[in-house]
Amino acid sequence: MAIPIAYNIRNLIVRKTTTLMTAMGIGLTVAVLLADLALVNGLKQAFQATGNPLQVLVLRKGGTSEVSSAMSHAVYQDLKTNPGIARSSSGEPMASLEMVAVISLVGFDSPDGMSISLRGLDDTGKQLRAVHIAEGRWFQAGRREVVVGRSVAKRYPLAQLGKQIRFGKGLWDVVGVMDAGQSVFNSEIWGDLNQITSDFNRQDTASSVLLRASDSGAVPALVNSLNDDRRLNVTAMREQAYYDNQTNAGAPLQILGIFVSIVMAVGSSFAAMNTMFAAVSRRAMEIGTLRVLGFSRLSILTSFFLESVLLAGVGGLLGCLLALPLNGVTTGVGSFATFSEIAFNFRVTPQVMMPGVIFALILGAVGGLLPARSAARQEILVALREG
């Protein structure tokens, strides 16, 4: 015969102060874990939202990122002749020669300056990306004008619409704010390719070439043909694959967050264990009475174990509530590939909260096993006498 679960719920309500304190300790542990998972989830979503499945990014062979790559105009002209490249309505190949550099900007959270990606491109480069102007207008070719990503405008006061930022050989006017959805382009600054290469004394070389394949079936053939052409000496890859590789920027944060959560989990498990041991001690007469009424040792063990898991479940839900305000909060991390900041939003989703609740239930199970075993092993007469 099993002990009704209402018995456990009533005991948790009667001991509401102890229940709340223990649940809060578990909840804080879960909140730390969820904050870490939400951060990594937001970073992954930003990279997953970047790139087109039909597009191929071409770097100089040996280059690990656009920043470390150098692409000559001669190679670019050869790349454009590949038959697998899509054509625009005017018949021009959908290929964009681009330069990527890193500049420093002073931000609200970085008074000493933070590295930001600067991208020089032309009209074709803008057409190859799902980006639109949210405020102002696009930069004009031949002018010292830039547009900034939405996240850059939000985090850096000097990069807001109508202001000027200094890099290269002088000042540049911020004439627009672009909205790139959830992609990492919100963390970049864009300007005219010729103007930017001139300011950085790189008139003969850029960084990379972005190509659009004629159809999905042409993508693998385009990648293979470019990689196999020794004359070009380039490395070609799907644009999405390039950005997927950059999710490694969140790995150290994830490891650190999990380590801190494990350390806190040890303390939370002991807190749950102490709470349940105290409950066993105070309810000795109840335990003896339950045995007299015919409940088995297994029923008592199951009941106290379930009570600990329920207590931890309350803590897990509290942890979810504590983490929810982080959803949508903008933050940034440095990329080991581009050496610049990537801004993104925390993403507290049901898929993120579920591991936190499971983690809390595991804490409750670990913390409740020994007290439940102790309750089940009590002799009837001893339990009634102690009561």
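## Helix packing and buried sites in a predicted model

Residues 24 or more positions apart account for 78% of the contacts in the protein with a separation of 6 or more. The model is predicted. The protein has 387 residues, and buried residues make up 50% of them. The secondary structure consists of 13 helices and 14 strands.

### Helix H11 and its partners

Helix H2 spans residues 16–48, and helix H11 spans residues 297–323. Their axes come within 7 Å. The crossing angle is roughly 50 degrees. The crossing of H2 with H11 is right-handed.

Which residues of H2 meet H11? They are Thr19, Leu20, Thr22, Ala23, Met24, Ile26, Gly27, Leu28, Val30, Ala31 and Leu34. On the H11 side, the contact is formed by Leu311, Ala312, Val314, Gly315, Gly316, Leu318, Gly319, Cys320, Leu322 and Ala323. By class, the contact of H2 with H11 has 15 nonpolar residues, six polar residues and no charged residues.

Helix H1, residues 5–14, also crosses H11. The axes of H1 and H11 come within 10 Å, at roughly 50 degrees. H1 and H11 are therefore oblique to each other. Their crossing is right-handed.

From H1, the contact takes in Ile5, Tyr7, Asn8, Ile9, Asn11 and Leu12. From H11, it takes in Ser303, Phe304, Leu306, Glu307, Leu310 and Leu311. The residues of this contact of H1 with H11 divide into eight nonpolar, three polar and one charged. Leu311 of H11 is listed in the contact with H2 and in the contact with H1.

Tyr7, Asn8, Asn11 and Leu12 are buried in H1. Seen down the helix axis, the buried residues of H1 fall within an arc of 135 degrees, so they line one face. On the other side of H1, Ala6, Ile13 and Val14 are exposed. The buried residues Tyr7, Asn8, Asn11 and Leu12 are among those that meet H11.

Ile3 sits in the segment before H1. Is Ile3 buried or exposed? Its relative accessible area is 11%, which is under the 20% cut-off, so Ile3 is buried. Ile3 and Thr302 are 299 residues apart in sequence. Their C-alpha atoms are 8.4 Å apart in space.

### Helix H7 and its surroundings

Helix H7 covers residues 218–228. Ala218, Val219, Leu222, Val223 and Leu226 are buried there. Viewed down the axis of H7, these buried residues fall within an arc of 135 degrees, so they line one face of the helix.

What do the buried residues of H7 pack against? Their partners are strand E1 (55–60), helix H3 (73–79), strand E11 (208–212) and strand E12 (234–238).

### Leu59 in strand E1

Leu59 is found in E1. It is buried, with a relative accessible area of 0%. Leu59 and Met71 are 12 residues apart along the chain. Their C-alpha atoms are separated by 6.9 Å.

Neighbours within four places in sequence are left aside here. On that basis, Leu59 is in contact with Thr64, Ser65, Glu66, Ser69, Met71, Ser207, Ser208, Val234, Thr235, Met237 and Tyr242. Ser208 is one of these contacts, and strand E11 covers 208–212. Val234, Thr235 and Met237 are also among them, and strand E12 covers 234–238.

Asn201 and Asn233 are residues other than glycine with positive phi. Asn201 lies in the loop between helix H6 (193–199) and strand E10 (205–206). Asn233 lies in the loop between H7 and E12.

| Residue | Phi | Relative accessibility | Class |
|---|---|---|---|
| Asn201 | near 55 degrees | 56% | exposed |
| Asn233 | near 55 degrees | 30% | partly exposed |

Asn201 counts as exposed because its relative accessibility of 56% is over 50%. Asn233, at 30%, falls between the 20% and 50% cut-offs, so it is partly exposed.

Key. Residues are numbered from 1 along each chain as its sequence is written. This is a predicted model: local features need pLDDT of at least 70, side-chain atom pairs count only at pLDDT 80 or more; totals for chains, interfaces and linings use all residues. Side-chain values use heavy atoms; hydrogens and water are left out. Buried means under 20% relative accessible area, exposed over 50%, partly exposed in between (1.4 Å probe, protein chains only). Helices (H or I, at least four residues) and strands (E, at least two) are DSSP runs, numbered from the N terminus. The arc is that of the directions from the helix axis to the C-beta atoms. Contact means heavy atoms within 4.5 Å. Axes are lines fitted to C-alpha atoms, for helices over the stretch in contact, and angles run from 0 to 180 degrees between N-to-C directions. A crossing is left-handed if the near helix is turned anticlockwise from the far one by less than a right angle, and right-handed if clockwise. Ala, Val, Leu, Ile, Met, Phe, Trp, Tyr, Cys and Pro count as nonpolar, Asp, Glu, Lys and Arg as charged, and the others, Gly among them, as polar. Angles under 35 degrees count as roughly parallel, over 145 as roughly antiparallel, 65 to 115 as roughly perpendicular and the rest as oblique.
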